[in-house]
Amino acid sequence: MNAVPRESASRDPLRFPQETAVVIGGGIVGVCCALYLQRSGHAVTLIDPEKPGNSTAKWSCGQMAVSQVIPLSKPGILMKIPGWLMDQKGPLALRPSALPGIIPWFFRFLMCARQSKIVDIAQSMATLTHEVYADYAPLLEACDDKALMGELPILEVFDSPNGLTHELPHLELRESLGFKSQRLNAKEIGDLEPAFAGKFAHGLMFPDWRAVSDTEGFIAALTDSFIAQGGRRIQSEARRIVESSGRASGVDLANGESVSAQHVVVAAGTGARRFFGALGVSVPLEGIAGYQAVVRNPGVEIRHSTIYADGGFCFTPMTRGLQIGGTIEFAGDGAKPNFGRADIILEKARRVLPELNTADVEYGVGYRPFLPDTKPIIDRSRRLGNVFMAFGHGQLGLTLGATTGRLIADMVAGRSSNQNLAPFSAYRF
Ligand SMILES: Cc1cc2nc3c(=O)[nH]c(=O)nc-3n(C[C@H](O)[C@H](O)[C@H](O)COP(=O)(O)OP(=O)(O)OC[C@H]3O[C@@H](n4cnc5c(N)ncnc54)[C@H](O)[C@@H]3O)c2cc1C
């Protein structure tokens, strides 16, 4: 997808003394915040206990899902809950043990299933996703590898016309917000993706979506670029935001270091919860599990990242293998991953692609940082005015990383922007 890069907002370091910023969390959102703060003239330190790339998005489907603006909570969802509890093999499952802890979150989630709320959420989300490619462009341009984002659109395939019919109201809403989709028949699906020839008669193509071919390498490359441009990354956990005179003065780390900074950004995914006291927020943030199976030497070629709607998972060709996964599991805090769900995905994938060679498979799990209304938080703390929040990106963190980074850097610098950030306030709950 061609995008016009935004003009650099960088400042002349000779005229302005360099301000310092710490970003807590080096996942896709954190590294993009760090890069945009750097472009804005800050000396930035990025903190994360993990290696670059080893974060939730490693196990994502890698899609720039720009029109996936419809919230997860949809009309009729209440009636489906018994099914999710009974069928732990389904694309959407709720572990009975998670139920007591998740009830308050779920209640809010269900309240978002009204049509008027869905339209409202989709409109807000679209104001962010329309900016995705323009916001990624300068960051990717600065990376050594110029082909981190693929050129092909994304496909969605359905077992029967019912699935597609069910999607129609959402497609209309997406279209009204300026996103395109194209219906595909059996021949068109087979022409685009020969491995699916004769298997699906109903499909969609999203011409404005793209996919990355290495979700881990994508974040690692952005991190390398950040470091090459003078950024510092410390591989440790942030323990505490240090305060002085009603402001943050830095961050204490698990390795004993203390990093002082004029601005702090919390971009730690579900790990942001430990900072809620300091931030002065009470936010219903849940980690919602998704599973992946990376099939090395799959023996079948898939070119497009493809959503298999009835299976609730995606086939995504990655440099490390064919990644097959997705699904949604409400497992509850601290629950052990159930990799049996990845096996179920593989079993369903084999039904679609009987020639799939599953001799060499790696399993992974990611916890999407989800708020009940499916919208992220992009905001400033009212308790500590120099601390900023960038978390809760749910199913769209990879898509929204760069846009969030730009908006946070604008907020830190006090630059006005046309973006209405009220829908993404931490104080909306
Ligand atoms: C199965 C699955 C499929 C998905 N598919 C897509 C997709 O196709 N497209 C899309 O856009 N999104 C997708 N997502 C969602 C996407 O992966 C997430 O929204 C995204 O990873 C969130 O990014 P983040 O940087 O906010 O959080 P994370 O990726 O969770 O990163 C947070 C980072 O903070 C660090 N951290 C935590 N606590 C601390 C601390 N105290 N100190 C320092 N560091 C800390 C963690 O180590 C981690 O590296 C998918 C997710 C899953 C699970």
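Select Thr 358 to begin; this residue is in the loop between helix 10 (340-352) and strand 18, helices (H or I, at least four residues) and strands (E, at least two) being DSSP runs numbered from the N terminus. The numbering of residues starts from 1 along each chain as its sequence is written. The model is predicted: local features need pLDDT of at least 70, side-chain atom pairs count only at pLDDT 80 or more, and totals for chains, interfaces and linings use all residues.

Thr 358 is partly exposed, with 19 other C-beta atoms within 10 Å. A residue is called buried if 20 or more other C-beta atoms lie within 10 Å of its own, exposed if 12 or fewer, and partly exposed in between, with C-beta atoms placed from the backbone. Contact here requires that the C-beta atoms of two residues, placed from the backbone, lie within 7 Å. A C-alpha distance to Asn 297 gives 8.2 Å, although Thr 358 and Asn 297 are 61 residues apart in sequence.

**The two domains**

Next, colour the protein chain by domain: domain 1 is 20-56 + 217-283 + 374-424, and domain 2 is 71-116 + 151-211 + 285-370. These bounds come from an automatic or database domain assignment. The centres of the two domains, taken over C-alpha atoms, are separated by 29 Å. In the contact between them, 13 residues of domain 1 meet ten residues of domain 2. On the side of domain 1 that touches domain 2, three residues are nonpolar, nine polar and one charged. In this classification Ala, Val, Leu, Ile, Met, Phe, Trp, Tyr, Cys and Pro count as nonpolar, Asp, Glu, Lys and Arg as charged, and the others, Gly among them, as polar.

**The ligand**

Select the ligand and the residues around it. Its shell holds 42 residues, of which the closest are Gly 27, Gly 269, Gly 271, Gly 290 and Gly 397; a residue is near a molecule or strand if its C-beta atom, placed from the backbone, lies within 6 Å of it. By class, the shell has 16 nonpolar, 21 polar and five charged residues. Five elements each supply at least two residues of the shell: helix 1 (28-39), strand 14 (286-295), strand 17 (321-330), strand 18 (361-370) and helix 11 (397-413). Why does the ligand lie between domain 1 and domain 2? Both domains give residues to the shell around the ligand, so it lies between them.

Now select helix 1. Helix 1 has twelve residues and reaches 17 Å from its first C-alpha to its last, close to the 16 Å expected at 1.5 Å a residue; the expected span is 1.5 Å times one less than the number of residues. Twelve of its twelve residues are buried, including Cys 32, Cys 33, Gln 38 and Arg 39. Gly 41, which follows helix 1, has a positive phi near 100°.

Centre the view on Cys 33, which touches Val 23, Val 265, Ala 267, Ala 390, Thr 404, Gly 405 and Ile 408, not counting residues up to four places away in sequence.

Move to Phe 330 in strand 17. Phe 330 is buried, with 24 other C-beta atoms within 10 Å. Beyond four places in sequence, Phe 330 touches Leu 94, Arg 95, Ala 98, Ile 102 and Ile 288.

Then find Ala 201 in the loop between helix 7 (186-192) and strand 7 (202-206). Ala 201 is partly exposed, with 17 other C-beta atoms within 10 Å.

Finish with two loop residues. Ser 245, between strand 10 (238-244) and strand 11 (247-253), has a positive phi near 50° and is exposed, with 5 other C-beta atoms within 10 Å. Thr 374, between strand 18 and strand 19 (377-380), has a positive phi near 65°, yet counts as buried, with 24 C-beta neighbours inside 10 Å.
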